[in-house]
Amino acid sequence: MATVPLLTLLVFAPLVGAVLLALLPREPLAGVRRAALVFSLVPFALSLWMLGRFRPGEAEFQLVERAAWIPAWGIEYRLGVDGVSLFLVLLTAFLTPLVVLASWGDIHRRVKEFFALLLVLETGMLGTFLALDLFLFYVFWEVMLVPMAFLIGVWGGPQRVYAAIKFVLYTMAGSLLMLVGILYLAWQVKVQTGAFAFGYERFLALHLGAREQLYLFAAFALAFAIKVPLFPFHTWLPDAHVEAPTGGSVILAGVLLKMGTYGFLRFAIPLFPAAVATASPAVVALAVAGIVYGALVATVQPDLKKLVAYSSVSHLGFVMLGLFALTPTAVSGGVYQMLNHGLSTGALFLLVGMIYERRHTRMIADFGGLWTAVPVYAACFLVVMLASVGLPGLNGFVGEFLILLGAFGPWPWATAVATSGVVLGALYLLWMYERVIFGPLVRPENAALEDLRGRELAVLVPIIALCFVMGLYPAPFLRRMQPSVDRILARVQSVEAPRLAAGGRR
Amino acid sequence: MTPIDVGPFAAHWEVALPGLLVAATAMLVMVADLVSTDPDRESLAGVALVGLATAAGAALWLWAGGNGAGGFGETLRADRYALFFALLLIAATALTILLSVDFLRLHALPAGEYYALMLLSTSGMVFMAAANDLIVIFLALEIMSVAVYVLVGMLRREVRSNEASLKYFLLGAFATGFLLYGIAFFYGATGSTRLDVVAQAVARDGLTPFLLLGLALVLVGFGFKVALIPFHVWTPDVYEGAPTAVTAFMAVGVKAAAFAAFARVFAGALVSVAASWTGVLWVLAALTMTVGNVGAVTQRNVKRMLAYSSIAHAGYALVGLVTATKAGEAALLYYLVVYAVMNLGAFGVLIALGRRGEPNEMLQDFAGVGFRQPVLGLTMAVFMLSLAGIPPTAGFAGKFYLFSAAVDAGYVGLAVIGVLNSVISVYYYLGVLVQMYMTEGTRPIDAPATRPYLLATILFAGVATLLLGVFPSGTMELARVSVASLR
C-alpha cells in the first residue's frame, strides 16, 4: 500500500480521463456526459482515499513522492500534501464531478471538448496544490490557464473572447514575473549551497536580505494578487465570470481564485517573512478595501451573476485579511473561508446558471415571486445564500468569525471596517434574495418555471449538506489544518516578534 | 596550440563529410531530376531524404569518434558543437523537404531545382557551423545565402515573391560586405583569419581599435542574418513574400546556422573581451525581442506575424549569448532546436491551410479551423502555446533555460524584459487560437489526410514540441556537451 503513488494517480487521473474522453465518439451526447462524470469521479474517489491516509496532527508534508526530473538544474518531480492543501485538493475533486453534472444541461455544443478541457483543468489545479517543487508548481500553474481561457472563450457569452483574452493576459503578466522570482531564488540556492534547486524546502532554507525579499515578495504577490483577486487587481474577474459558462464560473470561483490565496499562504508568506512584515499593512488595507468595495459594487448590480462575481471580491478580501493577520486563528479562518467560498459561491453560480437555463436572463428585475413557482429552488437558494452571508450554523460563519477574531488583535481598525463588510454582505445578498424570490409573481414566464430536477438536486444537495457539516462541526477540518498553519506562522513569527515587541500592539 | 597533422592538407578530410554528403546529394538530385519520369518528382524528395540521412549518419559517426579533430589546416572542425548544428540543420532541412512535397505540387514549382538549391544551402549551413576560419564562414554563408535568394523568388509569377527575393539579395549582399570588411579588420588586428589564432591574439593583446572595428562590422553581418534590430527591416517582407516552405527554412535553418557562426566567433574567439560586446548584445537582445513582439501584435497576416515573431525569438535566443557563460550558450543551442521544431510545425499548418490560388494566410482564414480540423487545430494550438512559452511545451523549457542562465549570470533585468515580452507575445499567439476555436468560419479547408507527408511532419513536430517540453534533459545535455568545444 505504501508504494502506491497516490498523489500522482490523483493528479493525472483527470488527464487520462480527458485523453480517453477525446478518443470516444462524439455521439451520443448522453454517453459522453456519463463518461465525463465517471472520469471526474475517479479523482474524487482517489482524493477520499488520500483523506483516509492523511494523518491528522502532523504539520509536515505527507504522502510525499519524488523523482528526478531535470537533474542538471536540480528540478524534481515532487508532490506532497499538508493540512493547508488537503482540503483544497478535496474541494477541487469534489466540485469537478458536480460541475460535470451541472453542465449536462448547460453545454449542448462541443460537449466532448468541454469535458475534456475541464478534466485537463482539474489536473492543473490538483497539481498546483500538491507540487512541492517550484518549477513543477509553475508548470501546473500555467497549465490551468489555457483550458480555463478556452472554457470562457468557446462556451461563454457574447463578450467571451474579450473576457478570455483579458483573463489570460492579466494572469500571465503576474505569473511571468513570479517565474523570474523563482529563477532568482533557484539561483540564490546555487549561490548559497553550490547547485541549482527548486525544492520548496530548499527555498525556505535561503537567507535573503530585506530588500531582496521585498522585490521577490512583490513578484510573487503580484501573481497571486491578480489570481485572488485582491483589490485593485480584480477587474478581469467580473468579465470572466459573467461571460463564462456556469461550469466555468463554478471552477473559477470555487477553485481558481483559491490558487491566489493558497499561493500567498504556501509561498509568499513563509518564503519572505521580512517582506511580509513590511508589506502586510498595505495588503491588509487592500483586503479591507476589497471587502467594502466588492460589497458595495455587488449591491448595485442588476445582473445576478455579476452580483455573485463582486461578492467574490468581497469574500476573498476576508480570506486575505485572515492570512495577513498572521495569527493562528485568523489564518485557519482564512483557509476555512477558502473552502466556504468555494462551496457557497460555487453553489450560487450553479443556482444562477439553473435559473438562466430556464429563463435565459440573469437580470434581477426579471424575477420576483419565485417562491411560489419553484419552492425547492427557493429553499436551496436560501440555504446557500445564508451560507454566503455567514449565518451561524452554516459554514460561512465559522470562517468569517475566526478571521475577525484572529485579526482583531493585530489590526483592530481594519477588522472593524471589515466587520461592516459582513453587514453589507447580508444587505446585498438578502436584498437580492428578496427581489428574486419574494414579492408578487408579476411575470407570467416565471409562473411556468419548472422546479429543480433530480440531476440538479444531485448537484446541490451535496454542497448544501457540506455547508451544514462545516458550519456545525468544524473541528475535524480545523484539527487537520492547524499544525500546518502553525508551522507556516512559526517562520513568520520569528521575524514578526521583534517588530511587535518594538511597536507594541496596533 | 594543438599540433596540426603534418600530413597533406587534406588529412582528416572526414571532418567535411556531413557537408560534402549534403552537397553531393544536391548534385544527385539534379541528375535524378533529368532522368526521372515521375511528373510530380516525388521521388526526388526521397533521394534528398536518403542523402540527408547519410549525412546525418556521418555526423553521428564523427560524434561517436569524439576527438573533435580539425581538418584542412584547422579551418574546419568536426567538434561536438559543429556536429550538434549539423544534425539540427540536416533534421530541419529534412522536415522542410517533407513540408514541401505537397506544397510544390500545389504551386507547380520545379522540384528538382527546389530540392537541389535547398540542399546546397544546407551544405553551406553545415560548413558554416563547422568553420574555424572567418574566410570559411564567409564562403559557407555565401553558399547558404545565394541558394536562399533564389528559393525566395521561386514563385516567379508572384510579385511578392520577386520583391522579396530582390530585397533579400540586395540587403543580404550589403550585409555580407560588412561581414567581409569586418573579417579584413580582424586579419589586420590579429594577423590571421583562423579563429583559434584570433582567440590567442585577442587574449594577448586585448581589444585594439582595429579589432573593435572588425567586431562591430562582423556584428552587423551576423545581425542581418539572424535579423536583429536594427538589421531586421527586410524580414517581414521577405518572409511574407517567400514560398511558405522556404520561409520556414529561412526562419529555422538560416537563423540557426547564422547563430552557430555568430556564437563561435563571439563566445569562442572573442570571449576574452566579452566585456566589450555583452553590453551591446544586451541592448540588441532587449530591442530585438521588444520590436519583434510589438510589431507582431498588429499583424493580420499570420505569415507576417510569424516573421515578426521570428525576430522576437532571435532576441530571446541572443540572451544566451549575452550571458557569455556555458549555461547560456547551451540554452541558446537548446532554444534553436526548440524553435526549429515549433516553428516548422507552425509553418506546416500554414501550408496545410493553403489551397491553389488561396494562400489562406490571414488571421480570419483560421476561423473555426480548430473544431473543423481537430488535428490541425490541436497541433497549431501546441505550436502557438509553445511559441508563447507556456508550459508544458518546449518553448517554455527553452525560455526557462535562457532566462535562468541570464539570472545566473546576473542579468535579472534582461530576464524581466524577456518575460514581459512573453506577455506581449501571448496576445498575438492567442489571437490565432481565438480565431481557430472561438470564431466560426466557413472557408473550405482540404482535409490534411490528403497531404500525408505534410500531416506526418506536423504531427511529428507537435509530439516533439510536447516531449521536448516535458523531458528537456536529454537534449539539453547534448547542448551542454556541445558548447564545451566552443572554447
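This is a predicted model: local features need pLDDT of at least 70, side-chain atom pairs count only at pLDDT 80 or more; totals for chains, interfaces and linings use all residues.
Ala108(B) is exposed, because 11 other C-beta atoms lie within 10 Å. This alanine sits in the loop between α3 (80-107) and α4 (111-130) of chain B, and its phi is positive, about 55°, although the residue is not a glycine. Leu326(A), which belongs to the loop between α13 (304-325) and α14 (328-359) of chain A, also has a positive phi, near 60°, without being a glycine. Leu326(A), however, counts as buried, because 25 C-beta neighbours are found inside 10 Å. As background, most residues other than glycine have a negative phi, and most peptide bonds are trans.

Chain B also holds cis peptide bonds, and the table lists two of them with their omega values.

| Peptide bond | Form | Omega |
|---|---|---|
| Ile229(B) to Pro230(B) | cis | near 5° |
| Pro391(B) to Pro392(B) | cis | near 5° |

Pro230(B) is part of the loop between α8 (209-226) and α9 (234-241) of chain B, while Pro392(B) falls in the loop between α15 and α16 of chain B.

Turning to chain B as a whole, one finds 19 helices and 2 strands. The radius of gyration of chain B is 21 Å, close to the 23 Å that the globule rule gives for 487 residues, so the chain is as compact as a globular protein of that length. Its C-alpha atoms fill a box of roughly 65 × 55 × 40 Å along the principal axes, and 63% of the 487 residues count as buried.

One example of helix packing in chain B involves α13 (residues 326-353) and α15 (residues 374-388), whose axes come within 9 Å and cross at roughly 140°. The crossing of α13(B) and α15(B) is left-handed. The residues that make this contact include Met342(B) and Val349(B) of α13(B), together with Leu376(B) and Phe383(B) of α15(B); by class, the contact has 8 nonpolar, 3 polar and no charged residues.

Finally, chain B touches chain A through a contact that takes 25 residues from chain B and 30 residues from chain A. On the side of chain B, α16 (394-408), α17 (412-438) and α19 (473-483) each supply at least two residues, and α17(B) gives the most, with 12 residues. That side of chain B has 20 nonpolar, 3 polar and 2 charged residues.

Definitions and conventions: Residues are numbered from 1 along each chain as its sequence is written. Chains are lettered from A and ligands numbered from 1 in the order in which they are written. Two residues are in contact if their C-beta atoms, placed from the backbone, lie within 7 Å. Helices (H or I, at least four residues) and strands (E, at least two) are DSSP runs, numbered from the N terminus. Ala, Val, Leu, Ile, Met, Phe, Trp, Tyr, Cys and Pro count as nonpolar, Asp, Glu, Lys and Arg as charged, and the others, Gly among them, as polar. Axes are lines fitted to C-alpha atoms, for helices over the stretch in contact, and angles run from 0 to 180 degrees between N-to-C directions. A crossing is left-handed if the near helix is turned anticlockwise from the far one by less than a right angle, and right-handed if clockwise. The radius of gyration is taken over C-alpha atoms; the globule rule is 2.2 Å times the number of residues to the power 0.38. A residue is buried if 20 or more other C-beta atoms lie within 10 Å of its own, exposed if 12 or fewer, and partly exposed in between; C-beta atoms are placed from the backbone.
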